[in-house]
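This report describes the architecture of one protein.

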Amino acid sequence: MTFLLLTGLIIISLVIMNRSKLYQAVPYKFKIIESVSTKEWFKNPWLSGLFLFLINALYFGLTGLLLLLIINLMIPYLHLIIMLVAVIISILTWMAISQAWEGKKSDRLIMSLVGSSFYGALAFFCLWGFLHVEPAYPGDDTFMRAVGWMMGLIVAGTAFITCFSFTTFSKQKGMNA
């Protein structure tokens with residue numbers, strides 16, 4: 001599991017470093033984001049950040065629910081495929097929002113911070129859980145629980161950094177970023 005986590009971190013790092021090439025390879029327009037971008041509220045960095053926050057929460061919740069539903073299936077690696085698809089959909093959504101959003105750099109920073117704060121709050125929750133691991137009963141070994149909290153912290157922190165970098169530091173031509 002640690003190998004998969006490390007591999008995922010390396011892949012996400014490469015994706016973040018090469019996001020300008022990724023912007024060129026992925027289609028510019030997504031119908032739902034295109035329709036939302038014409039709304040007046042989307043031009044407000046706080047409201048568009050809240051929209052991104054809600055999308056992140058929705059994707060996280062749906063992925064968690066789907067993983068919970070398949071927990072008893074004996075299909076190897078299905079959970080990894082579901083998580084990989086969730087990561088790809090999230091990155092594509094962040095790219096589409098970044099491309100559709102127009103405004104000043106300071107407003108883009110506000111939008112990105114508000115939108116990615118879902119994963120920031122989740123990372124702090126995992127950090128708090130890690131720092132407050134206690135045995136459930138006398139003699140309980142808390143090592144695996146601590147490892148789970150640490151993995152959650154790494155995944156949520158990586159999602160925060162990825163969402164923030166994709167929505168803040170866009171390299172798309174013709175954008176005011």
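The sections below describe the fold, the helix pairs, the pocket and several individual positions.

## Overall architecture

The model is predicted. The protein contains seven helices and zero strands, and its elements, read from the N terminus, follow the order α-α-α-α-α-α-α. Of its 177 residues, 35% count as buried.

Among contacts with a separation of 6 or more, 78% are accounted for by residues 24 or more positions apart.

## Packing of helix 4 and helix 5

Two packed helices are described by the angle between their axes and the distance between the axes. For helix 4 and helix 5, the angle is about 170° and the axes are 10 Å apart. An angle over 145 degrees counts as roughly antiparallel, and helix 4 and helix 5 are therefore roughly antiparallel to each other. By class, their contact comprises 12 nonpolar, five polar and no charged residues.

On the helix 4 side, the contact is formed by Phe51, Leu52, Ile55, Asn56, Tyr59, Thr63, Leu66 and Leu67. The residues they meet in helix 5 are His79, Ile82, Met83, Ala86, Ile89, Ser90, Thr93, Trp94 and Ile97.

The loop between helix 4 and helix 5 holds tyrosine 77. Its phi is near 65°, a positive value in a residue other than glycine. Tyrosine 77 counts as exposed because its relative accessibility is 58%, the cut-off for this class being over 50%.

## Packing of helix 6 and helix 7

Helix 6 and helix 7 pack at an angle of about 175°, and their axes are 8 Å apart. This pair, too, is therefore roughly antiparallel. The residues in the contact of helix 6 with helix 7 comprise 19 nonpolar, nine polar and one charged.

Leucine 127 is located in helix 6. With a relative accessible area of 29%, leucine 127 is partly exposed.

## The loop between helix 6 and helix 7

Aspartate 140 is placed in the loop between helix 6 and helix 7. Its relative accessible area is 15%, so aspartate 140 is buried; the limit for that class is under 20%. When neighbours within four places in sequence are left aside, aspartate 140 is in contact with Pro135 and Arg145.

Threonine 142 also has its place in the loop between helix 6 and helix 7. At 21% relative accessibility, threonine 142 counts as partly exposed. Not counting residues up to four places away in sequence, threonine 142 touches Val133, Glu134 and Pro135.

## The largest pocket

Rolling a probe the size of a water molecule over the atoms shows where empty space is left. The largest pocket has a volume of about 1400 Å³. It is lined by 38 residues, of which the closest to its centre are Leu5, Met83, Leu84, Val87 and Val155.

Which helices each supply at least two residues of the lining of the largest pocket? They are helix 1 (2-17), helix 4 (45-69), helix 5 (78-100), helix 6 (105-131) and helix 7 (143-168). Helix 5 gives the largest share of the lining, 12 residues. By class, the lining has 30 nonpolar, eight polar and no charged residues. Met83 is listed among the residues closest to the pocket centre and among those of helix 5 that meet helix 4.

Isoleucine 16 has its place in helix 1 and is buried, with a relative accessible area of 16%. Leaving aside neighbours within four places in sequence, its contacts are with Ile161, Thr162, Ser165 and Phe166.

A further pairing concerns phenylalanine 169. Isoleucine 16 and phenylalanine 169 are 153 residues apart in sequence, while their C-alpha atoms are 9.9 Å apart in space.

Terms used. Residues numbered from 1 in each chain as written. Predicted model: local features only at pLDDT ≥ 70, side-chain atom pairs only at ≥ 80, totals over all residues. Heavy atoms only, no water. 1 Å grid on protein atoms, 1.4 Å probe; cavity = no way out; pocket = protein on both sides within 12 Å on 5 of 7 lines; lining within 4 Å. Points joined across faces, edges and corners; volume = space filled by probe spheres on them. Helix = DSSP H or I, 4+ residues; strand = E, 2+ residues; numbered from the N terminus. Nonpolar A, V, L, I, M, F, W, Y, C, P; charged D, E, K, R; others polar. Axes fitted to C-alpha atoms, helices over the stretch in contact; angles between N-to-C directions. Parallel < 35°, antiparallel > 145°, perpendicular 65-115°, else oblique. Contact = heavy atoms within 4.5 Å. Buried < 20%, exposed > 50% of the residue type's maximum accessible area, 1.4 Å probe, protein only.
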